[in-house]
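Q: Could you walk me through reading a few features of a model, one at a time? I'd like the general idea each time, then the case at hand.

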Amino acid sequence: MSEIVLDHRHTALMLVVVFVATFMDGLDGSIVSVALPEIGEDLGVDTATSSWVTIIYMMILAGTLVMFARISADTGVRKVMAIGLAVFTAGSLFCGFSTSFGMLIAFRIIQAVGAAMMAAAGPMCCTEHLPPEKLAFGLSVVTIGSSLGFAVGPALGGLIVEYTTWHWIFLINIPIGLAAAPLMLKAVPPSSEKGGRIRLDKTGVVLLFSAIALGTFAVETLSYSDMRVWSASTGVMCLILLAAFVKWERKQEEPLLQLRMFARRDFSAIFLCLMMINLSYMGMLYLIPFFGKICAGMSTLEVGMFLLEAAALTAVFGMPIARWSDRKGRGMFCVAAGLFTALAFFMFAVFADGMTHLIFFAIMIPQGLGWAFTGGPMASRLVEHAGEDRDMASSLTNEAYFIGGAMGTALAAMVFTTFSHSDGIDIAAVSSTAFLDGFVPTAVMCALLAVVLAIISYVVRDGEEK
């Protein structure tokens with residue numbers, strides 16, 4: 001059960017902050033990728049090197065998220081979320097004023113630490129301060145904020161790069177963060193928080209951080225043919241450290257992560273589903289902006305507006321669907337998430353050659369509905385199957401999203417490169433014919449993953465809470 005349910009006013013304020021935090025995180029994840037060529041040119045590094053602006057952010061975020069989830073579970077979400085917003089905002093400020101590539105990478109690490117704190121505390125706000133019958137609704141706010149941020153990013157990034165400088169992709173976070181951090185302290189009164197001591201397994205932190213950081217590096221560099229030896233070696237090291245982490249945690253009275261959650265078959269299956277939905281989605285999101293430009297003759301801004309259409313559908317339907325799943329159970333909604341996502345990506349594969357604006361518009365409808373059916377129902381379903389570890393499970397939804405997103409981007413890049421025969425060629429320089437040769441198989445792969453997700457969701461039973 002939740003810890004202390006807030007009144008309507010404080011609940012509304014808390015959900016506003018959660019929405020803002022996840023929106024900023026999603027926005028930062030997509031807006032930076034648009035500006036990487038400009039960042040590289042301005043700071044004197046090549047395209048491959050500039051990608052570390054994204055890679056280092058993902059490594060630090062994923063590696064520290066579980067640690068901050070444990071701190072939030074022990075002490076409460078209030079300070080962790082507020083400090084996370086402040087750190088993220090400070091990191092954004094320093095990134096915006098960076099004058100060298102080394103400075104930018106260093107300050108991206110600071111920004112990622114703040115993002116990890118927000119990602120850990122955001123879902124936990126819902127499990128601690130919302131009743132079970134409103135859990136899916138609260139968790140849908142997390143998904144809607146993130147999806148809107150990801151969708152707005154390419155269009156906003158295109159505008160910023162076109163009319164100002166890349167520095168503003170970071171500086172736009174500052175006024176939002178300055179407003180949200182104190183609002184969090186006001187939204188959740190100190191009296192409603194646990195205020196317990198931090199039980200942090202430091203050895204577990206080091207082992208898990210190292211494993212996740214190395215695993216993220218391995219996945220993110222998999223699509224670069226000249227780095228695959230490093231990808232393989234770091235991947236093996238990741239598996240060794242994960243095995244050491246599991247062995248260590250089983251001996252601890254107060255472990256960093258209760259591995260008993262993953263001993264539950266249904267919990268592990270839903271965690272896999274959360275990974276797969278973002279693996280499928282992010283794999284396609286990586287290629288769609290390039291597809292729009294190379295094959296459909298669209299500008300970055302036009303593609304961004306279409307993606308915004310999908311996010312708007314997620315925003316409009318996400319909360320009503322979440323409320324419905326709170327009453328009716330989650331299973332059928334998770335199945336629908338997979339089927340809608342699969343439909344969108346199969347349509348991309350079928351209509352890729354000769355894509356029109358109208359068909360592109362039509363494809364965005366099932367793509368947006370797929371995420372509307374994912375957010376609240378699937379995340380709350382994971383919490384239902386976590387037993388006594390609801391708080392940590394809620395934060396693990398973001399960890400699943402992140403791992404799936406990193407794997408999806410790398411896998412899509414590898415499949416695309418293989419079928420388009422574009423290894424060693426900048427993706428923006430690939431011909432339209434070669435691009436289609438790689439894009440269609442990638443879309444089919446992502447669609448099939450979504451079908452598998454729907455099948456798993458159908459097999460898994462609903463939890464006890466409705």
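Q: Which backbone oxygen does the side chain of threonine 234 reach?
A: Start with the general idea: an α-helix has 3.6 residues a turn, so residues three or four places apart point the same way. Now the case in this predicted model: threonine 234 sits in helix H10, residues 228-249, and its side chain reaches the backbone oxygen of serine 231 at 3.2 Å.

Q: Is threonine 234 buried or exposed?
A: Threonine 234 counts as buried, at 7% relative accessibility. Setting aside neighbours within four places in sequence, threonine 234 touches Leu214, Phe217 and Ala218.

Q: What about the nonpolar core: which residues have the most contacts inside the largest one?
A: In soluble globular proteins, nonpolar side chains tend to be buried together. Here the largest nonpolar core holds 148 residues, and Met81 and Phe348 have the most contacts inside it. Helix H12 (residues 265-294) supplies the largest share of this core, 17 residues. As for methionine 81, its contacts beyond four places in sequence include Val17, Val18, Ala21 and Met118. Cys125 and Met184 are also among them.

Q: Why is H12 described as largely enclosed by the rest of the structure?
A: Count its buried residues: 23 of the 30 in H12 are buried, so the helix is largely enclosed.

Q: Where do H12 and H1 bend?
A: H12 has a kink of about 30° at leucine 287, shortly before proline 289. H1 bends by about 55° at alanine 35, with proline 37 following within four residues. Helix H1 takes in residues 8-43, 36 residues in total, and reaches 48 Å from its first C-alpha to its last, close to the 52 Å expected. Just after H1, glycine 44 takes a positive phi of about 75°.

Q: And the cysteines: how many disulfides does a search of the whole structure find?
A: A disulfide is a covalent bond between the sulfur atoms of two cysteines. The search finds 0. Take cysteine 273: the closest cysteine sulfur, in cysteine 334, is 7.3 Å from its own, too far for a bond.

Q: What of cysteine 295: which cysteine has the closest sulfur?
A: That one is cysteine 446, at 16 Å, again too far for a bond.

Technical notes: Residues numbered from 1 in each chain as written. Predicted model: local features only at pLDDT ≥ 70, side-chain atom pairs only at ≥ 80, totals over all residues. Heavy atoms only, no water. Helix = DSSP H or I, 4+ residues; strand = E, 2+ residues; numbered from the N terminus. Expected span 1.5 Å × (residues − 1). Bend = angle between axes of the 7 residues up to and from the residue. Core = buried A, V, L, I, M, F, W, Y, C linked by side-chain atoms within 4.5 Å. Buried < 20%, exposed > 50% of the residue type's maximum accessible area, 1.4 Å probe, protein only. Contact = heavy atoms within 4.5 Å. Disulfide = S-S within 2.5 Å. Polar contact = N/O pair within 3.5 Å; in protein donor to acceptor, adjacent residues only side chain to side chain.
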